[in-house]
Amino acid sequence: MSYRTNLLGNLSKNYIGQMVTVTGWIDRRRDHGGVAFIDLRDKSGIAQVVIHDEELARALHHEYIICVKGEVIERPQGQSNTNLTTGDIEIVAKTVKIISQSKPLPFQVSTAIEDKEPVGEETRLRYRYLDIRRPKIAKALKLRAKLNAVARATLDKQEFYEIETPTLVRSTPEGARDFLVPARLRPGAWYALPQSPQLYKQMLMVGGLERYYQIARCYRDEDFRADRQPEFTQLDIEMSFAKSDEIMKLTEEILVNVFAAAGFVISTPFPKISYREAIDKYGSDKPDLRINNQLVDLTNYFANTPFFIFQAEYVGAVVYKGGAAIPRRQFDAWQEWARSRGAKGLAYVTVANDGELGGPVAKNLSDDERTNLLQTVGAKAGDAIFFAAGKPNLAKALLGAARVEIASRQGLLNDNDWSLVWVVDFPLFKSVDDDDDDEIAVGNSKWTAVHHAFTMPTDEWLDNFEDAPVKAMSDAYDIVCNGHEIGGGSLRIYDEKLQQRVFNVMGIDAKTAQNKFGFLLEAFKFGAPPHGGIALGWDRIVALLAKAESIRDVIAFPKSGGGVDPLTHAPSVISVRQRRESGVDFQPKKPSVNNRDN
């Protein structure tokens, strides 16, 4: 007997009277006086099996795999299950064979109780193969496979080539730390796992393929952060002879198709805002535009303020609609929230029904400041106003986060609303002091790249970006969805001399550049075409469309905190023999005194 003639979820009234063979896991079992009702589950869904053999039924337990041969019949009148696509039929078992037994599970995976018995994430990841049986996780992974296929079909239609690039590469730090792999046959030498296929895809453009894509695995040895993984996936795209608008249009087409496959309709073209506008109005370069609430710059308003806290380089505010009604303890909780983000606190005033200002800040304001404040920030009676003062970027970031937190607490962030926006006009460089803690500089300059070192300056900055690195602009673009950066790209440098000029600003001299990137610079000497591309964060996109709480829920076998795999207990200690064979402890010989100058 074959394991199956039909998938459970595909059965319907059309099969009534037919004999079928089905195989799956026992999701639930209910006994009713000599008759057992089994909810049998496979990848397609669930169907009810009726077993009249009481002794046999007692031998069947949750998560046993059984093979059933039986007749499809219509359920008795009034007993249909509207929660199942197969709810109008059931299978009356003629024969039942136990294929595989299961001991009691560490947590339940049944559809009926999935959300009723929450399971800790560490336990879920320790038994990830069981966690995948849960409908929510299985559905997310199936969606991911579907979106992969849609993206491929879209790019194939546009005559892109799917090409795999190496995963054992030369270490060329692009911002974060590399994962390193010892080369056994060359003791003392190391491979790196790629942070992205950036350099290889540029060389594919030099190779004349013109249109490349890859669903690429990438690796970054970063300090642990929530919702980040040391290994991740991006949809990587590169095009020759394309301008930024063409790459953005292609990206929009991909996203329209991907969202449609998940059951959502989005419209194009996506709006564009500049990096500066995003920071000034929303306090973030990945603004959530589902929220209309914008920051208000009050630096000039408080230029002559007597309040010493507002005597700062920047003063800004964001309005909390209806915030005056929250109790004092919640305002105290807001201070803890601000401190958790590295700020000293969050200044505020409340607006009473008669327009009178309250709160600890109000008494420190001058009469003129109090009189015109509501009109200036757009507040009304019953609102509260949050303030931040200090260094512009830090203060705006705090207000930007408060803006989103306010909307979240007020239930204004609808997961079924989609706001996609292009953020453009990025700076070419940023100060090393402003870099993320887990990033490393590749040169000895005070400047590092905002996106990466291979990003093209805008036309107006091609000839003079060295003169004012702080002002120089790049031809780069990020795509943002509901406050999440889901992709970023740029036009690339394709001229060896221009690339070295950018390296020079970053403190990478010609010798160092040749050592780290010589293969790319040499490729540029052989007719490199203008090119650009984008990388879409595939884990994040799937998580958003699956309504997952974390990207870990859309990755088959994710890591937990600190990059640990609770399932396999990786990373692990290697044996003495492995250390010796891999050469990880290899120490190059020191040159002798007589040979040091040779």
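Strand 13 and strand 16 pair in the antiparallel sense over seven bridges. Here two strands count as paired if DSSP finds at least two bridges between them, while helices (H or I, at least four residues) and strands (E, at least two) are DSSP runs numbered from the N terminus. You are looking at a predicted model, in which local features need pLDDT of at least 70, side-chain atom pairs count only at pLDDT 80 or more, and totals for chains, interfaces and linings use all residues. Residues are numbered from 1 along each chain as its sequence is written, and side-chain values use heavy atoms, with hydrogens and water left out.

Some of the pairings and one residue pair from each are set out here.

| Strands | Bridges | Residue and its bridge partner |
|---|---|---|
| strand 12 and strand 13 | two bridges | Asp297 and Gly316 |
| strand 13 and strand 16 | seven bridges | Tyr314 and Gly390 |
| strand 14 and strand 16 | four bridges | Ala347 and Phe387 |

Is strand 13 enclosed or open? Seven of its seven residues are buried (under 20% relative accessible area with a 1.4 Å probe, protein chains only), so strand 13 is largely enclosed by the rest of the structure. Tyr314, Gly316, Val318 and Tyr320 are buried on one side, and Val315, Ala317 and Val319 on the other. In a regular strand, side chains alternate between the two faces of the sheet.

**Helix 10**

Angles run from 0 to 180 degrees between N-to-C directions, with axes fitted as lines to C-alpha atoms, for helices over the stretch in contact. The buried residues of helix 10 include Leu398, Leu399, Arg403 and Ile406. Among the elements covering them are helix 7 (275-282), helix 8 (328-340) and strand 13. After helix 10 comes Gly411, with a positive phi near 70°.

**A helix pair elsewhere**

The axes of helix 4 (residues 135-157) and helix 13 (residues 538-545) come within 10 Å and cross at roughly 120°. That makes helix 4 oblique to helix 13, since angles under 35 degrees count as roughly parallel, over 145 as roughly antiparallel, 65 to 115 as roughly perpendicular and the rest as oblique.

Terms used
Buried < 20%, exposed > 50% of the residue type's maximum accessible area, 1.4 Å probe, protein only. Contact = heavy atoms within 4.5 Å.
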